[in-house]
Amino acid sequence: MAAISRDNALLSRLKLKALVSLQNYVFKHTFAECERQSLVCADTGIGSLIEAGQIDFSKWRKLDSRNFGISSSMIPPSSWVVLKILHNEGFEAYLVGGCVRDLILNRIPKDFDIITNARLPQIKKQFHRCNIVGRRFPICRVHVKGSIVEVSSFDTVAKHAEKEEELSVPKMPKGCSQKDFILWKNSMHRDFTVNSLFFNPAVNRIYDYANAMQDLRSLKVYFDMNSATDFSACSLVIWRRLW
């Protein structure tokens, strides 16, 4: 019996290893296909600018989420409600961070965070049950369909970054859309590159401004450009992020 148990355990490990290898192969193959279809610096046709103080557009990617098997049914109804209400009011709104990463990797996200160009008072005005919480980094907590959806504002992130950021951020280059520039600036203040992805499920578009897709493809984790300063003050944050 002991020998049979050991054999079953070994077989299970081999199956798991094969499944992980297959997942990695499928993801890398899908990424390679999407890479050829991706758009660089949306709708501008601008090439890579490598000069000092300039933005390197060569890392900017826009991908069709359907190529990664992401369907609308994978987004919770509560998140859809928040996204649609903000879109209907003329605001930009995206899923952001770890939930986008997990959807690409075919994992079930723990939560679905949203970011929008609406300011916090504007967000609160759109929903019957919405509270602004947090002092250092305030966000809105929207109560909808029995769930709580956390919504942050590009405006809050920008003001927070201006106070602590030591690196000079280039001005918006000529020919680059304001939307792309805002998304890029926000992606530079995420913890890891793989958490800097934006996803608009209404148009099936994933936005990558930090080479996050390449890092996912190689299964590597890198600090985002401007996040190292924040992390140096709190090693506990790093530990929690990694685990």
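The accessible surface of this protein comes to about 14600 Å², and 53% of that belongs to carbon and sulfur atoms (areas come from the Shrake-Rupley method with a 1.4 Å probe). The model is predicted, so to speak of local features pLDDT must be at least 70 and side-chain atom pairs count only at pLDDT 80 or more, while totals for chains, interfaces and linings use all residues. Residues are numbered from 1 along each chain as its sequence is written, and side-chain values use heavy atoms, leaving out hydrogens and water.

**Overall build**
- You will find 9 helices and 8 strands here (DSSP runs, H or I of at least four residues for helices and E of at least two for strands, numbered from the N terminus).
- Of the 243 residues, 39% are buried (under 20% relative accessible area, 1.4 Å probe, protein chains only).
- Among contacts (heavy atoms within 4.5 Å) between residues at least 6 apart in sequence, 62% join residues at least 24 apart.

**Nonpolar cores**
- A nonpolar core is a set of buried Ala, Val, Leu, Ile, Met, Phe, Trp, Tyr and Cys residues joined through side-chain atoms within 4.5 Å.
- The largest one has 36 residues, of which Val82, Leu95, Ile104, Ile114, Val151 and Ile206 touch the most other members.
- Elements that each supply at least two residues of this core include helix H2 (77-88), H4 and strand E6 (147-153).
- Apart from this core lies another, of 15 residues, among them Phe57 and Tyr209.

**A look at leucine 120**
- Leucine 120 sits in helix H4 (residues 120-125) and is buried, with a relative accessible area of 9%.
- Leucine 120 and valine 151 are 31 residues apart in sequence, and their C-alpha atoms are 8.5 Å apart in space.
- Not counting residues up to four places away in sequence, leucine 120 touches several residues, including Ile132, Cys140 and Val151.

Conventions:
Buried means under 20% relative accessible area, exposed over 50%, partly exposed in between (1.4 Å probe, protein chains only).
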